[in-house]
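The sequence and the structure are shown first.

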Amino acid sequence: MSARSELASPAVANRSRHSVGSLLVDNIGELVTNVAGTGEGGPLGIRRRAAVLVEQGEVIWVGPSGDAPAADRRIDADGAAVLPGFVDSHAHLVFAGDRATEFAARMAGQPYTGGGIRTTVGATRAASDGELRTTVRRLRAEALRQGTTTIEIKSGYGLTVADEARSLRIAAEVSEETTFLGAHVVPAEYADRPDEYVGLVCGPMLAAAAPYARWIDVFCERGAFDADHARAILACGQAMGLGVRMHANQLGPGPGVQLGVELGAASVDHCTHLTDADIDALASTAVDAQAGPETTTVATLLPGAEFSTRSPYPDARRLLDAGVTVALATDCNPGSSYTSSMPFCIALAVREMRMTPAEAVWAATAGGARALRRTDVGVLRPGARADLIILDAPSHLHLAYRPGVPLIRQVLHNGVPR
Ligand SMILES: [Zn+2]
């Protein structure tokens, strides 16, 4: 092992010179590690002329290109930029049908109200398991081609005990980050009995969903669930061992963000309409961010939703300047944001929300990992999962600088080239 290979796991020192199954990504022009303080410093931890060695799905060495240990196979990055795979911490992939007509009507002037969710609920309930599975896998593959190596998937278009459980069972086949969103909207058959629906969500629906879910989420918004209902549902989920995340403050100001902070949510998502008190509450959780991600409530911004509903974007600068930890995610869903593209969200964040390219790339990788309370993804260092993107570009800047261009040359997921 070279004395200069300062980022190496003990496994490297002990292994034979030539280990079976190892893969070296070599000749990297710009490596985004997200390890603060390494390389050129800054949150992206950029290193020049670097290499990454992976084995058995894990990064085991990061160092200068010329000092790389031998490996069974080698990928020549040819001077390109390499970054951690994107972590999309907010997506709704289990559904049937689409809402292209609703989109067209909105672009012709109709406002977005969230009411179209019920259209998708009807189509989803009518679909077979096979149809739902095909859609989930198609969208998961689509996201992976665009560099997303970790994706959170929510239920929320079934809204019956059986349909929520099967949605999560199917989601769990393709992701370990699954979220029970029985409280997406009150379904039509409970329109006059929201208290009864909340009882169903907290009782039999949660019991059926929990074995397939890591998280619980509530759409806390006027027209969906108020603070009392949200608090009751999230507390039931916590009692079942699920982590808390929320849809909050998307369509207007409301209690969601501060409720999320109070309950120790990993993330409050959308954050489009925030008061100073909301921002103070979020910033107060970020104070200990360096100590670990377990107490931070991340503000996850979903600019695809504002794009697709032609709505004002969240004020990312205000959040970042206050010290809030910010993530970017797609909100991929058939109604309000039918994109699975993290590069598109990065470009929107830079152009429309005044994030710097570095802030946006961090938010789409390390920020997403924080929002899922993961330390093994969104970062490239020994011990991390071997999720890498090789760009068709010399720098991460090109993700925002060249919007709409397919810049993902190759993806490694769990160390396997895709
Ligand atoms: Zn959502």
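Which residue in β12 is the bridge partner of Trp 215? The bridge partner of Trp 215 in β12 is Gly 243.

## Basis of the description

The model is predicted, so local features need pLDDT of at least 70 and side-chain atom pairs count only at pLDDT 80 or more, whereas totals for chains, interfaces and linings use all residues. Residues are numbered from 1 along each chain as its sequence is written, and side-chain values use heavy atoms, with hydrogens and water left out.

## The parallel sheet

Seven strands form an open sheet in the order β9-β10-β11-β12-β13-β14-β15, with parallel pairing. Strands (E, at least two residues) and helices (H or I, at least four) are DSSP runs numbered from the N terminus, and two strands pair if DSSP finds at least two bridges between them. β9 and β15 (326-328) stand at the edges with a single partner strand each, so one side of each is left without a neighbour in the sheet.

Three bridges link β10 to strand β11 (residues 215-220), where the partner of Thr 179 is Trp 215. Six bridges then join β11 to β12. Four bridges connect β12 to strand β13 (residues 267-270), with Ala 248 opposite His 270. Three bridges join β13 to strand β14 (residues 298-301), and Asp 269 stands opposite Thr 300. Three bridges also join β14 to β15, where Ala 299 has Val 326 as its bridge partner.

## Burial of β10 and β11

Strand β10 (residues 178-183) is mostly covered, with six of its six residues buried; buried means under 20% relative accessible area, exposed over 50%, and partly exposed in between, for a 1.4 Å probe and protein chains only. Six of the six residues of β11 are likewise buried.

In a regular strand the side chains alternate between the two faces of the sheet. Both faces of β11 are covered: Trp 215, Asp 217 and Phe 219 are buried on one side, and Ile 216, Val 218 and Cys 220 on the other.

## Crossovers and the kinked helix

The chain passes from β11 through helix α7 (residues 227-239) to β12 in a right-handed β-α-β crossover. A crossover is right-handed if, with the strands pointing away from the viewer, the path from the first strand over the helix to the second runs clockwise. Right-handed β-α-β units are also made by β9, helix α5 (residues 161-172) and β10, by β10, α6 and β11, and by β12, helix α8 (residues 256-262) and β13.

Helix α6 (residues 194-209) has 16 residues, yet its end C-alpha atoms are only 20 Å apart, short of the 22 Å that a straight helix would reach; the expected span is 1.5 Å times one less than the number of residues. A kink of about 40° lies at Val 201, shortly before Pro 204, the bend being the angle between axes fitted to the seven residues ending there and the seven starting there. The buried residues of α6 include Tyr 197, Leu 200, Val 201 and Met 205.

## The zinc site

The zinc ion is coordinated by His 90 (NE2), His 92 (NE2), His 247 (NE2) and Asp 331 (OD), at 2.1 to 2.3 Å. Donors are N, O and S atoms within 2.8 Å of the metal (3.2 Å for Na, K and Ca), and water is not among the atoms, so sites may look incomplete.

The donor residues follow the spacing H-x1-H-x154-H-x83-D in sequence. His 90 lies in the loop between β7 (86-88) and α2 (100-107) and His 247 in strand β12 (residues 243-248), so the pair ties together parts that are 157 residues apart in sequence. Both His 90 and His 247 are buried.

## Two partly exposed residues

Gly 383, in the loop between α13 (357-371) and β16 (388-391), is partly exposed, with a relative accessible area of 42%. Gly 383 and Arg 245 are 138 residues apart in sequence and 27 Å apart in space, C-alpha to C-alpha.

Asn 27 belongs to strand β2 (residues 22-31) and is partly exposed, with a relative accessible area of 31%. Asn 27 and Ala 81 are 54 residues apart in sequence and 9.6 Å apart in space, C-alpha to C-alpha.
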